[in-house]
Structure formats: structure tokens, C-alpha cells
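Thanks for making the time this morning.

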Amino acid sequence: MPTVTMNINGRQMSANVENRTLLVAALREDLNLTGTHVGCDTSQCGACLVHVNGKAVKSCTMLAVEADGADVDTIEGQANADGSLNVIQQAFQDHHGLQCGFCTPGMVMSAAALLKENPKPTEAEIRNHLEGNICRCTGYQGIVNAIMAASGQSVAMAAE
Ligand code: FES
Ligand code: FES
């Protein structure tokens, strides 16, 4: 079986995988990084979203062997160095951006990708960006508010 080596959250990690192994399966099952979730089998939900070489990728749409040598960022690497929640994670907590939390890793990674490219998105831009992420619990207003807050913008006008 091929060996895949990735720089995951700043740490070199390797796994022996089959050619058909999806990146999400390698992360969860071979590398024990279970914060990346599987919420569908149709590439629609976004629960599996990670960053590969700085770009948001649904890790159920990519083979692990395709990520060989890549920089991969997952939810496990998002907290601050002291273990506290980063600004996006904290904003999700503060603005009721989650209930069961199943979609949350993908939402946070998606938000991080958005804010990297667009540090002050409008509400419409946030909603458009989240088109590929499904939450079955909250309704989306809390998630949108959290991303507005994480970008330093007021959410006072939005209903929580
Ligand atoms: S598990 Fe990848 S999009 Fe749903
Ligand atoms: S918080 Fe439950 S699926 Fe989003």
C-alpha cells in the first residue's frame, strides 16, 4: 500500500493507505484526527472540510494519495497555542453557532478560508460562501452572526 506523508497542522504525519482511500478516511481512521466529520455520501454537507495547501477542500472528494506532500490543516490545529479557542471558534460559542456540533468543524474551517480571502465579508457574502456547508440543527443565523463577529463586525442588527 502506498505511504502518504502530509504536513498536518504543522506536524509531519504518514499513513499507509490504499489507492482508493479518501483523504477524510485517512485523517479519521489512519491518523485518528476524528474532528473532521463525514456527514453525507454525496459531497454536499461540508462536514469534512479541511484546508489543503491553504485552500478549502471537502476531504471526501480527494484521495489521500493526492494529498501526499501537502500541507493539510484540520480543526484539530485551529485552537490557539495555549489551547484556548481561536477567534472563530469562540465566536461560534458566543453567538450560538452550533447545537449538536456535527457540522461545526467544517463550518469553522470554511469560515477560516473565507476570512483569509475576505477579512470583512458582508452577510450576503458569508451566506454565499456557506452554500457548501449544511447544518441540520441551528438555522444559519447564529453561524452567520458568529462569522460576522469573528471578522470584527457588529452583529447587533441581526436577530440571534
Ligand atoms: S462528508 Fe464530505 S461533503 Fe459531506
Ligand atoms: S450544529 Fe448540528 S448539524 Fe450543525
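What you see here is a predicted model, so please take everything I say as computed from it. I will begin with helix α2, residues 87–94, and helix α3, residues 104–117, which pack at an angle of about 125° with their axes 10 Å apart. With that angle, α2 is oblique to α3, and the crossing of α2 and α3 is right-handed. If you look at who takes part, α2 brings Ile 88, Gln 89 and Phe 92, and these meet Thr 104, Val 108, Ala 111 and Ala 112 in α3. Sorted by class, the contact of α2 with α3 holds 5 nonpolar and 2 polar residues, with no charged ones.

On the α2 side the contact is made by Val 87, Ile 88, Ala 91, Phe 92 and Asp 94, while α5 supplies Ala 146, Ala 149 and Ala 150. By class, the contact of α2 with α5 divides into 7 nonpolar residues, no polar ones and 1 charged. I would point out that Ile 88 and Phe 92 are listed in the contact with α3 and are listed again in the contact with α5.

Let me turn to the sheet. In what order do the 5 strands of the open sheet lie? The order is β2-β1-β5-β3-β4, and the pairing is mixed. The edges are taken by β2, residues 11–16, and β4, residues 55–58, each of which has a single partner strand, so one side of each is left without a neighbour in the sheet. From one strand to the next, the twist averages 40°.

Taking the pairs in turn, strand β1, residues 3–8, is joined to β2 by 6 bridges, and these two strands run antiparallel. Within that pair, Thr 3 stands opposite Asn 16 in β2. Further along the sheet, β3 and β4 also run antiparallel, joined by 4 bridges, and they form a hairpin with 2 residues between them, where Asn 53 in the turn has a positive phi of about 50°.

Which residue of β4 is the bridge partner of Val 52? That partner is Lys 55, and in β5 the bridge partner of Val 52 is Val 72, which places Val 52 in bridges to β4 and to β5.

The helices and the sheet come together at α3, which lies across β3, residues 49–52, and β4, running at about 40° to β3.

The protein is divided into domain 1, covering 3–77, and domain 2, covering 87–150, and the centres of the two, taken over C-alpha atoms, are separated by 21 Å. How many residues of domain 1 are in contact with domain 2? There are 14 of them, and they are in contact with 11 residues of domain 2. On the side of domain 1 that touches domain 2, β3 gives the most, with 3 residues, and the residues of that side divide into 7 nonpolar and 7 polar, with no charged ones.

I will stop there and take comments.

Terms used:
Residues are numbered from 1 along each chain as its sequence is written. Chains are lettered from A and ligands numbered from 1 in the order in which they are written. This is a predicted model: local features need pLDDT of at least 70, side-chain atom pairs count only at pLDDT 80 or more; totals for chains, interfaces and linings use all residues. Axes are lines fitted to C-alpha atoms, for helices over the stretch in contact, and angles run from 0 to 180 degrees between N-to-C directions. Angles under 35 degrees count as roughly parallel, over 145 as roughly antiparallel, 65 to 115 as roughly perpendicular and the rest as oblique. A crossing is left-handed if the near helix is turned anticlockwise from the far one by less than a right angle, and right-handed if clockwise. Two residues are in contact if their C-beta atoms, placed from the backbone, lie within 7 Å. Ala, Val, Leu, Ile, Met, Phe, Trp, Tyr, Cys and Pro count as nonpolar, Asp, Glu, Lys and Arg as charged, and the others, Gly among them, as polar. Two strands pair if DSSP finds at least two bridges between them. Domain bounds come from an automatic or database domain assignment.
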